[in-house]
Amino acid sequence: MKIDGKQNIWKEYQKEIPDDNYYYARSCIRQNFFPASEETFLKIIKEVLGKNIYDDAHQTTCTGIAYHSDLVSFDTTMTVVARQFSLMNNVQLKNFVISCVTSFGIYSEAMETWKNFPETLEKTKEHLKNATGRDFTSPEIIAHTSDIIYKYREQIKEKAKFHLVNKNTGKPLRVVEHIGCHYAKIFPSKGIGGAEFPSVLSGMIESWGGEIIDYPERRHCCGFGFRHYIIKENRGYSLSNTKVKFDSMEPYKPDFVITNCPGCTFFMDRWQYVIAEMDNKTYGENGFGIPVLTYEEVAGLVLGFTPYTLGLQLHQVSIEPLMDKIGIPYDINEKYLGFENEEIGRPEKPKVLQVI
Amino acid sequence: MKPESKNIKEVLEKDILFIEGLNGCINCGTCTAICPAAKFFDYDPRQLMDTVQSMNNDELIELLKSDIIWYCGQCLSCKTRCPRNNVPGFIITALRRLSQDIGYFAQSAEGRKQLTVKRIVGENIIKYGYCVYIDEIELNGHPEQGPVWQWYKNNAASILKKLGANYKGSGEGTLREISESDLAELNSILKETGALEKFDNIERYCHED
Ligand code: SF4
Ligand code: SF4
């Protein structure tokens, strides 16, 4: 397909993204696995873009993982969603911004269900009232946090200290974008560019100087599988699907992978370590893996934030070779220091996967 | 109405996910071609949709007692691609729900694994208000986490503070402790909407022979 043809199709999927005054709905997975990305999002919104965002102490899990692993019914999940909306109502905000892709699918599904089956909205209201005494109204707009970064990608570019360019060759870095399945596969109109041609991450990469790789398994799931990852005996499902993706992208020699889903970032980072240790197979250069980054980590690097405040030390695949390519300075000793610059030891080195 | 084996068709037809998920399958196999679960398990969403569409009570009962309904990974790639707007992933959710309500899930090895899911995710939600929680993730249960996880866990308080989190703190922030009153509201919702009963049923059915 010609590129201009693709761009015309993308235009059909341009959704409304709110420009300020956000209520922040956090991700359980990200808070545990990529805690710094949750904070970097807030820092970019408040300090770089000068927007208003409310971070609420009272919110809880959305129960999305429990719903998709069939532990709770959608009645439960819709009522928890309604409680989060009620918390947003309390602070008079109307733009609900979600940092988890599973949750984004859950909030979208709840609102669609209430629209298409109004009796379910009545039932949810009743459940919420009975359980908590609360009432609620739905947000005017819901958006994923990656939508907001996409919306302001050019402003980020204007403030960029670094570009996604190889400093030695002057060529754009070659980037794989991986979109979490529930960002647009359930409700294509809710994602920028729809499910087939999502531009939310490719738009950021192209603005910041990189080049996107198209490869056969681009839209294949990372393999989370909800129950399959939780149950140890089934976890090979998750590993096998990630391997499908890396085997498919390998010939295109990506410099890094960017994702917009907390789970995908984690699986694509950790399963490379497992494949290396089990099969002696590494996908990056010189025995390293291919770095897998959240879009906040990429934005933070582009903006010149100190690398180890971005949480890059919590990845199993080292990000330093990528920083070397771009020319981002870092102090490797700082990687393994605690909050008060105390020595906290270093992780053991894997046997096969090269790390710094 | 508590579902029983004789009225499976009736219960399914009232399920919103079933209504949304089945608009008439033409057996084209597109879903199977893109399904990640079909790639690695003995699972074929096209065949599943064919069985479900026939609405034969005996066949449905077999399905609810089988491993087949537990293989889907809920990626919902099938929702995007089906030319008839069917959603095998939604049908799976409806079938899994019914299988757990009747207790048939405990008759298949894959179904019984719901006990593990309940004891991990269900109990995290009740105890912490998070569906996953750092303190509960150990390297022996999750070797794929790698040595970096062990280092992170050993130094969680210091590393999380450096990264701007509010680990076990009060007020807002990453990994804050969810307050007793917020946890009480969440648990009250779990009770009101039948989730706690579902958790108990999973335990009960898995302990019945
Ligand atoms: S569910 Fe859809 S994609 Fe799958 S076989 Fe039926 S018509 Fe084809
Ligand atoms: S939701 Fe289930 S059936 Fe549909 S493509 Fe994903 S794994 Fe296959």
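**Exercise 1. Across the two chains**

The side chains of Glu185(B) and Arg83(A) meet in a salt bridge, at 2.7 Å from N to O. Keep in mind that this is a predicted model. Starting from that pair, describe how chain A and chain B meet: how many salt bridges does the rule find across the interface, and how many residues does the contact take from each chain?

*Solution.* 

Step 1. Count the salt bridges. The rule finds six across the interface of chain A and chain B.

Step 2. Between chain A and chain B, 49 residue pairs are in polar contact, with both residues at pLDDT 80 or more.

Step 3. Look at the chain A side. Helix H7 of chain A, residues 118–132, gives the most to the side that touches chain B, with seven residues. By class, this side of chain A has 39 nonpolar, 32 polar and 24 charged residues.

Step 4. Take the whole contact. Chain A brings 95 residues and chain B brings 82 residues. Between them the chains bury about 7400 Å², and 61% of that is on carbon and sulfur atoms.

**Exercise 2. A glutamate in chain A**

Find Glu38(A) in helix H3, residues 35–48 of chain A. Is Glu38(A) buried or exposed, and with which side chains does Glu38(A) make polar contacts?

*Solution.* 

Step 1. Check the accessibility. Glu38(A) has 0% relative accessibility, and buried means under 20%, so Glu38(A) counts as buried.

Step 2. Follow the side chain. The side chain of Glu38(A) makes a polar contact with the side chain of Arg30(A) at 3.0 Å, and another with the side chain of Ser99(A) at 2.6 Å.

Step 3. Widen the view. Leaving aside neighbours within four places in sequence, the residues in contact with Glu38(A) include Tyr24(A), Gln31(A) and, from the other chain, Thr174(B).

**Exercise 3. An alanine in a strand**

Now turn to Ala25(A). In which strand is Ala25(A), and which residues does Ala25(A) touch beyond four places in sequence?

*Solution.* 

Step 1. Ala25(A) belongs to strand S1 of chain A, residues 22–25.

Step 2. Judge the burial. The relative accessible area of Ala25(A) is 2%, and the limit for buried is under 20%, so Ala25(A) is buried.

Step 3. List the partners. Not counting residues up to four places away in sequence, Ala25(A) touches Gln59(A), Phe96(A), Val97(A), Ile98(A), Ser99(A) and Tyr107(A).

Step 4. Compare sequence and space. Ala25(A) and Thr60(A) are 35 residues apart in sequence, while their C-alpha atoms are 9.0 Å apart.

**Exercise 4. Around the ligands**

How many residues surround ligand 1, and how do the residues of the shell around ligand 2 divide by class?

*Solution.* 

Step 1. Ligand 1 is surrounded by 13 residues, and the closest are Cys25(B), Cys28(B), Gly29(B), Cys31(B) and Cys82(B). Helix H3 (30–34) and helix H5 (45–54) of chain B each give two or more residues to this shell. Its classes are eight nonpolar, four polar and one charged.

Step 2. The residues around ligand 2 include Cys35(B), Cys72(B), Cys75(B) and Cys78(B). The shell around ligand 2 divides into eight nonpolar, three polar and no charged residues.

Definitions and conventions. Residues numbered from 1 in each chain as written. Chains lettered and ligands numbered in written order. Predicted model: local features only at pLDDT ≥ 70, side-chain atom pairs only at ≥ 80, totals over all residues. Heavy atoms only, no water. Near = heavy atom within 4 Å. Helix = DSSP H or I, 4+ residues; strand = E, 2+ residues; numbered from the N terminus. Nonpolar A, V, L, I, M, F, W, Y, C, P; charged D, E, K, R; others polar. Contact = heavy atoms within 4.5 Å. Buried area = accessible area lost by both parts, 1.4 Å probe. Salt bridge = Lys/Arg side-chain N within 4 Å of Asp/Glu carboxyl O. Polar contact = N/O pair within 3.5 Å; in protein donor to acceptor, adjacent residues only side chain to side chain. Buried < 20%, exposed > 50% of the residue type's maximum accessible area, 1.4 Å probe, protein only.
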